[in-house]
Amino acid sequence: MNYNLLSRVGLLLGLATLTACKLPSNQLINAQKPNQGDRPANIQQTNLIGLSLVKKDNLTNEYRGEIYPIALLINGRYVDVSTDVTTSVRDNLSEDVLLRNFGNQSLLSAVQNFTVLNQGEKLGEFQVQKLGISQFACSTKLTGQGNFSGERSLEAVFNSLPEDQVGGFSGSIGDKQFDESWRWTIALSQYNPAKNAIATPDATAEAKYRQDLTSTANAFFSIDPQVKNVTGETVVEEISVVDLDQDGQPEIYGLVRKGADPKNESSRGSRNGGVVGAYANVWLTYDGSQPRHLANKLTPYSAIAARPAYDLITTVDINGDGIQEAIVRNIGYESTSFGIYEYQGNQLKQVFSGAGYGC
C-alpha cells in the first residue's frame with residue numbers, strides 16, 4: 001500500500017509540473033492584510049481533499065458512504081484527481097470492467113483514511129474500503145466506498161448533515177435504475193485544526209457585518225452596467241464569520257442579493273431572459289473596527305436562471321501553515337465543480353478549480 005501511494009504521488013508530482021501553466025491563478029482583489037505572522041517551516045507537502053457523501057438508495061432504503069476525490073495538494077500545488085468514466089459507461093461496460101480498467105487511476109486505492117468535517121467541525125473518521133462507480137446526473141465518477149469508524153451509522157451521519165447540503169439522482173444508466181438522495185460535506189486525508197476559534201458574533205457585531213457587506217455589495221452593483229438599473233432591496237442571504245489567518249480579527253463572507261427573489265415566483269416578473277437581479281460573493285476583512293474589501297465576485301441573473309457564482313463550503317487549513325483556505329462549490333448551469341482560495345502575499349487567490357460533474 002505504501003508503494004502504491006509513493007508511485008501515485010510520484011506520478012502526480014510530474015503531473016503537477018506539466019500542468020502548472022493550467023492551474024488557476026486569477027487574483028481577486030488585493031488586500032494589504034498585515035500581521036499574518038511567520039508561517040511554520042514544516043508545511044505539509046500532501047493532502048487529499050474530497051467530497052464526503054452519505055447516499056440513501058430510495059429503492060432499497062440502504063445507505064452508502066463515499067469519498068469523491070476533488071484535489072491533491074502536492075508540493076504547494078493543487079491537482080484535480082477526480083476520475084471520469086462517463087464515456088466508458090455509455091459503452092455499457094459493467095462496473096467490474098470499469099474498475100479493472102480505471103481503478104489504478106484513482107488515488108483512493110492508496111489514500112484510504114479521511115477526517116470528515118461538518119461546517120468546519122470534525123464529524124468523524126472515514127475509511128475507504130473499496131472503489132466504486134457513482135452517478136452524478138450525467139457524469140459517472142470513480143469514488144471510494146466505506147464506513148465511519150466507531151459505532152456511528154451512515155443513517156445517523158446522513159441525518160446530522162445540513163439539509164441545504166443535499167443532492168440526488170434518479171433515472172437509469174443502461175439497465176441499472178437509480179433513485180438516490182445524498183448529503184455531502186468535506187473530507188481531508190490530513191486534518192489541521194484551527195488554533196484559535198473565532199467567537200460567534202453577538203447581535204450588534206452581526207448587524208455591523210451585515211451593514212458592511214450590504215454597503216460593499218451596493219457599491220459594486222451601482223457600477224456594473226448590467227446591474228446598476230436593477231431595483232429592489234439588497235439582502236444578505238448568507239453570512240459566515242471566520243478567522244482565516246488566525247490573527248484575532250474576523251474575515252466575513254457574505255452572499256448578497258439585489259433584485260427579484262428567485263425563490264419567489266410572484267417576484268420574478270417577465271421570463272424574457274433579461275437581468276432581474278444579481279448575486280455578489282463578498283469577502284471583507286477588518287483592521288480594528290474598520291472593514292476592508294478583500295474579494296468580490298458579482299453574478300447577474302435573469303428570471304429563468306438565478307444562481308450565485310459559488311457557495312462557501314468550509315474554511316480549513318489544508319497545508320498546515322496556520323492559515324485557513326476557503327473551499328467553495330462552483331455553480332453552473334446543470335454543472336458543479338469546486339474551488340480553493342488561499343492567502344498569498346496579502347491576497348485572497350484562487351489556487352484550484354476543477355473536479356466538475358453534471359450535464
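A disulfide is a pair of cysteine sulfur atoms within 2.5 Å. The structure shown is a predicted model, in which local features need pLDDT of at least 70, side-chain atom pairs count only at pLDDT 80 or more, and totals for chains, interfaces and linings use all residues. Residues are numbered from 1 along each chain as its sequence is written, and side-chain values use heavy atoms, with hydrogens and water left out.

**View A. The disulfide of C138 and C359.** The sulfur atoms of C138 and C359 lie 2.0 Å apart. A search of the whole structure finds 1 disulfide. The link of C138 and C359 is right-handed, with 85° about the S-S bond.

**View B. The largest nonpolar core.** A nonpolar core is a set of buried Ala, Val, Leu, Ile, Met, Phe, Trp, Tyr and Cys residues joined through side-chain atoms within 4.5 Å; buried means under 20% relative accessible area, exposed over 50%, partly exposed in between (1.4 Å probe, protein chains only). The largest such core has 26 residues, and I49, L51, Y68, I70, Y78 and I340 have the most contacts inside it.

**View C. The surroundings of Y68.** Contact means heavy atoms within 4.5 Å. Leaving aside neighbours within four places in sequence, Y68 is in contact with residues including G50, L51, F136, F338 and Y357.

View D. C138 is partly exposed, its relative accessible area being 34%.
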